[in-house]
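Colleague: I'm new to this one. Could you walk me through how to read its charged side chains?

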Amino acid sequence: MNIPFLGKRRDSPPVRDAEGIAELLSECELLRSQAGRDGVQLDDTAASLEGLDQLLPRWRGDEEVVHWLGNDAGLYLGTVIVRTVPGAAWEIWPDGQPVVRLASGREFDVVTSGHEWAESGVPELSQLYAEVAEA
């Protein structure tokens with residue numbers, strides 16, 4: 001239906017607030033709580049990823065916790081990368097999936113990696129970080 005007085009519909013460009021997105025994605029409450037109970041301080045450094053890799057996986061018996069913890073682990077990995085690797089930034093795919101994009105344009109689906117870590121411990125978060133930081 002063409003209604004001339006309404007004019008053409010234009011899609012507005014998406015508003016991107018990189019700092020706001022980064023802050024929101026860095027919350028990772030369940031992971032921070034789990035790590036804190038086990039004495040691991042999550043200070044957004046590569047060393048904290050090594051601490052996470054050493055946690056006893058007590059959560060693996062609870063499917064719901066595995067899912068949420070995996071999501072948080074991926075977001076935390078992404079947070080460490082974005083805050084410590086020059087040129088790295090969050091990117092949101094059209095389907096809503098957050099990924100990390102390096103200055104080279106290479107993208108990393110950190111959430112999927114976080115789920116793999118929560119489910120099986122492999123790959124280790126610190127190993128993934130080392131691979132990304134090297135790239």
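Modeller: Let's go through salt bridges, then a surface patch.

Modeller: This is a predicted model, where local features need pLDDT of at least 70, side-chain atom pairs count only at pLDDT 80 or more, and totals for chains, interfaces and linings use all residues. Residues are numbered from 1 along each chain as its sequence is written, and side-chain values use heavy atoms, leaving out hydrogens and water.

Colleague: How many salt bridges does the count come to?

Modeller: Side chains of opposite charge can pair when their charged atoms come close. The rule asks for a side-chain nitrogen of Lys or Arg within 4 Å of a carboxyl oxygen of Asp or Glu. Here that gives 5 salt bridges.

Colleague: Which residue forms a salt bridge with Arg-83, with N and O atoms 3.9 Å apart?

Modeller: That's Glu-23. Glu-23 sits in helix 1 and Arg-83 in helix 4, 60 residues apart; helices are DSSP runs (H or I, at least four residues) numbered from the N terminus.

Colleague: And where does Asp-44 come in?

Modeller: Asp-44 also meets Arg-83, at 2.2 Å from N to O, and it pairs with Arg-32 at 3.2 Å. Asp-44 is buried at 15% relative accessible area (buried means under 20%, exposed over 50%, partly exposed in between, with a 1.4 Å probe and protein chains only). Shared partners join Glu-23, Arg-32, Asp-44 and Arg-83 into one network.

Colleague: Which residues form the negative surface patch?

Modeller: Asp-62, Glu-63, Glu-64, Glu-116 and Glu-119. Patch members have over 30% relative accessible area and no salt bridge, with like charges joined within 9 Å. Glu-116, for one, is partly exposed at 36%.

Terms used: Patches are made of residues with over 30% relative accessible area and no salt bridge: like charges are joined within 9 Å, nonpolar side chains (Val, Leu, Ile, Met, Phe, Trp, Tyr) within 5 Å. Accessible areas come from the Shrake-Rupley method with a 1.4 Å probe; for residues, only the protein chains shown count as cover. Lys and Arg count as positive and Asp and Glu as negative; His and the chain ends are not counted. The place of a charge is taken as NZ of Lys, CZ of Arg, CG of Asp or CD of Glu. Helices (H or I, at least four residues) and strands (E, at least two) are DSSP runs, numbered from the N terminus.
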